[in-house]
Amino acid sequence: MNETLVEIQQPAPGVSLITINRPERRNALNFEIKQLLADAIEALDRDTQVRVIVIAGAGSSFVAGSDVAEMQALTPIEHTLRATDRMFQAVRRCSKPVIAAVESYALGGGCELALSCDIIIAGESAQFAQPEVRLGVMPGAGATQHMVRTIGKYQTLRLLLTGERIDARTAYALGLVSELSPDGSVLKRSLEVASTIAEMPTLAVRAIKEVVHVGADAPIETAMMLERRAFQVLFDSADQKEGMTAFLDKRTPSFQGR
């Protein structure tokens, strides 16, 4: 495998940056990239020194989609055997916060990769779309479910049935994007947000992510119970003692992840 297609760096304490490095194809996701990125996410999730992960694309684009040339002749059995959705599952199931740093294009599988993340920071001229219907298929890595849970049925169906692109400001207004940043500064801003999160108590960060994700699909009373139980459990952590003591002492807390 050509591991330079997916590069991993540690630009700040507790922060790992994954860069999809295929700029000549606007970082289109081929099978090799999908496998490498899944391996990277799973390895970083196991690494206790990593607290936050940022995913970016090399060059001027995030990800312009999946590699259609590879997918054209695929059979349903080949999709299953190749586990073509493993990368998206690895991102969704990661216990640590994952931030998508989106410059320029996030189309098709690239949009679904961003939607699989927990936070999306986009450049002001970025574009988002799920154009699969124009290729005779439909989104198959989470867009139908992420979108309907985020922007509702009517906007989701408008975007998926037409395959039309929307700009970053529209995506932000709809709630598909967490934050807008000037073009060219998206990665810098994403790393700043990642560093802020990395300084937080890891047990609390993990609990917040778990409750938000699991609670979103549960009845409200069940979700509230999950939140309350997670809240109570954190009172057995050293970081809760440190955080509250530091607040009362008017000093900066020193969290240890315990």
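1. Contacts of Gly108. In this predicted model, Gly108 is in contact with Ala129, Gln130, Pro131 and Glu132, once its neighbours within four places in sequence are left aside. Gly108 sits in the loop that runs between β5 (105-107) and α5 (109-116), and with a relative accessible area of 7% it is buried, because that value falls under the 20% cut-off. Gly108 and Gly163 are separated by 55 residues in sequence, while their C-alpha atoms lie 9.2 Å apart in space.

2. Packing of α1 and α4. Two packed helices are described by the angle between their axes and the distance between the axes. For helix α1 (residues 31-46) and helix α4 (residues 86-93), the axes come within 8 Å and cross at roughly 20 degrees, which makes α1 roughly parallel to α4, since angles under 35 degrees are counted in that way. The crossing in which α1 passes α4 is left-handed. On the α1 side the contact is made by Lys34, Gln35, Leu37, Ala38, Asp39, Ile41, Glu42 and Asp45, and on the α4 side by Arg86, Met87, Phe88, Ala90, Val91 and Arg93.

3. Length and buried side of α11. Helix α11 (residues 238-249) has 12 residues, and at 1.5 Å a residue these should span 16 Å, which agrees with the 16 Å between its end C-alpha atoms. The buried residues of α11 are Asp239, Gln240, Glu242, Gly243 and Ala246. Because these residues cover an arc of only 165 degrees around the axis, they are on the same side of α11. An α-helix has 3.6 residues a turn, so residues three or four places apart point the same way. The element against which the buried residues of α11 pack is α9 (202-215).

4. The residue after α11. Lys250 follows α11, and although Lys250 is not a glycine, its phi is positive, at about 55 degrees. Most residues other than glycine have a negative phi. Lys250 has a relative accessibility of 76% and therefore counts as exposed, the cut-off for that class being over 50%.

5. A positive phi at Arg26. Arg26, which is found in the loop between β2 (15-20) and α1, is a residue other than glycine with a positive phi, near 50 degrees. Its relative accessible area is 45%, so Arg26 is partly exposed.

Conventions: Residues numbered from 1 in each chain as written. Predicted model: local features only at pLDDT ≥ 70, side-chain atom pairs only at ≥ 80, totals over all residues. Heavy atoms only, no water. Helix = DSSP H or I, 4+ residues; strand = E, 2+ residues; numbered from the N terminus. Expected span 1.5 Å × (residues − 1). Buried < 20%, exposed > 50% of the residue type's maximum accessible area, 1.4 Å probe, protein only. Arc of directions from axis to C-beta. Contact = heavy atoms within 4.5 Å. Axes fitted to C-alpha atoms, helices over the stretch in contact; angles between N-to-C directions. Parallel < 35°, antiparallel > 145°, perpendicular 65-115°, else oblique. Left-handed = near helix turned anticlockwise from the far one by under 90°.
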